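Trainee: I have a model on my screen and would like to learn how to read its packing. Can we go through it feature by feature?

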Amino acid sequence: MLRVFRPLLLFSKNNNLNSCIRISCNTKSCSLSNLFSPLPRLCSTTYKTSATASMATTSLSVPVETLPPVLDSTSEPPSVFDGTTRLYISYVCPYAQRAWITRNCKGLQEKIKLVPLELTNKPDWYKEKVYPPNKLPALEHNNQVIGESLDVIKYLNTNFEGPALLPNDPAKRELAEELLAYTGEFGGGVIGSVIKGNKDFGAHFDYLEAALSKFPDGPFFLGEFSLADIAYAPFVERYQPLLLDVKKCDITTGRPKLTAWIEELNKIDGYTQTKYDPAELLAALKRVFGL
């Protein structure tokens, strides 16, 4: 169900809501609110963005975007619900990264303003005036706020112009829904296995390998680049170096489809512009999970 908050409701809700972003593990609930402290960006704050009709190949435009500064508890609020479409994100949050990638790949840099927040020191006005659950990402559009990352990326794809990020083919649509539904189990299952010290995480990457084998007309889950790829990219980006370092396990070994998928992802500007330095990302993951 699409999570939509309208302004009249925003100010009437109480603030006794969990501000942490969590994933469910088999043994515990792992808070991600402190998972990624501010890290050096892989690219500079001024970078190229592109929207593509066939996301792996054809570039339609290359606008230049300067990333806005991060807002924290001392920052003044924007003029919320003034007709401006805003995407509230954290530069370091994998859930917010999904929405950021989708915005970029739809070519919406001029239409949707980024509002980056400090993940562990959000301004009070965000919870009070914008999104009471106090989680990221959230999209302010047409006097309403849409939250939850999968809902946000679907909304962006459906309600804005730009390349379609879901195909019309019913079979591919069915696989897309299956993959999106599995994201929670994937995210929690992998990190839960790492914390428990076992190797159960392999089955989750086998699932991705099998899914990537279903449509041979391209290197992505549905053949062409789609929301399914966007949903998994931020987490594979984090888990690949973590498992290699902590478990001495290369997730691409014996998984040629996954190997090709990662290689092709890294050719897409709309994704690579949202990435962080791998070494810093690894250090943050190990610090948070005590590995």
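This is a predicted model: local features need pLDDT of at least 70, side-chain atom pairs count only at pLDDT 80 or more; totals for chains, interfaces and linings use all residues.

**Reading the fold**

Mentor: N143 has a relative accessibility of 45%, so it counts as partly exposed. Buried means under 20% relative accessible area, exposed over 50%, and partly exposed in between (1.4 Å probe, protein chains only). Residues are numbered from 1 along each chain as its sequence is written, and side-chain values use heavy atoms, with hydrogens and water left out.

Trainee: Where is N143 found?

Mentor: In the loop between β10 and β11. Helices (H or I, at least four residues) and strands (E, at least two) are DSSP runs, numbered from the N terminus. N143 is not a glycine, yet its phi is positive, about 60°.

Trainee: What joins L136 and P137?

Mentor: A cis peptide bond, with omega about 5°. P137 is in the loop between α3 (124-130) and β10 (138-141).

Trainee: Is Q144 buried or exposed?

Mentor: Buried, because its relative accessibility is 9%. Q144 lies in strand β11 (residues 144-147). Its side chain makes a polar contact with the side chain of Y155, at 3.2 Å. A polar contact is a pair of N or O atoms within 3.5 Å; within protein, one must be able to donate a hydrogen and the other to accept it, and residues adjacent in sequence count only if both atoms are side-chain atoms.

Trainee: How many aromatic pairs does a search of the whole structure find?

Mentor: Twelve. Rings of Phe, Tyr and Trp (its six-membered ring) pair if their centres lie within 6.5 Å; planes under 30 degrees apart count as stacked, over 60 as edge-to-face and the rest as tilted. Take Y155 and F160: their centres are 6.4 Å apart and their planes at 65°, so the pair is edge-to-face. Both Y155 and F160 are buried. F220 and F225 are also edge-to-face, at 5.4 Å centre to centre and 80° between the planes.

Trainee: Which residues form one aromatic cluster?

Mentor: Y95, F186, F205, F221, Y232, F235, Y239 and W261.

Trainee: What does W261 touch?

Mentor: Contact means heavy atoms within 4.5 Å. Not counting residues up to four places away in sequence, W261 touches L212, P219, F220, F221, D229, Y232, A233 and V236.

Trainee: How many residues are in the largest nonpolar core?

Mentor: There are 79. A nonpolar core is a set of buried Ala, Val, Leu, Ile, Met, Phe, Trp, Tyr and Cys residues joined through side-chain atoms within 4.5 Å. Y126, L139, F186, F205, F221, Y232 and W261 touch the most other members. Helix α7 (residues 227-246) gives the most to this core, eleven residues.

Trainee: Which residues of helix α6 are buried?

Mentor: In α6 (residues 202-212), G202, H204, F205, L208, E209, A211 and L212 are buried. Their cover includes α5 (170-196), α7 and α8 (256-265).
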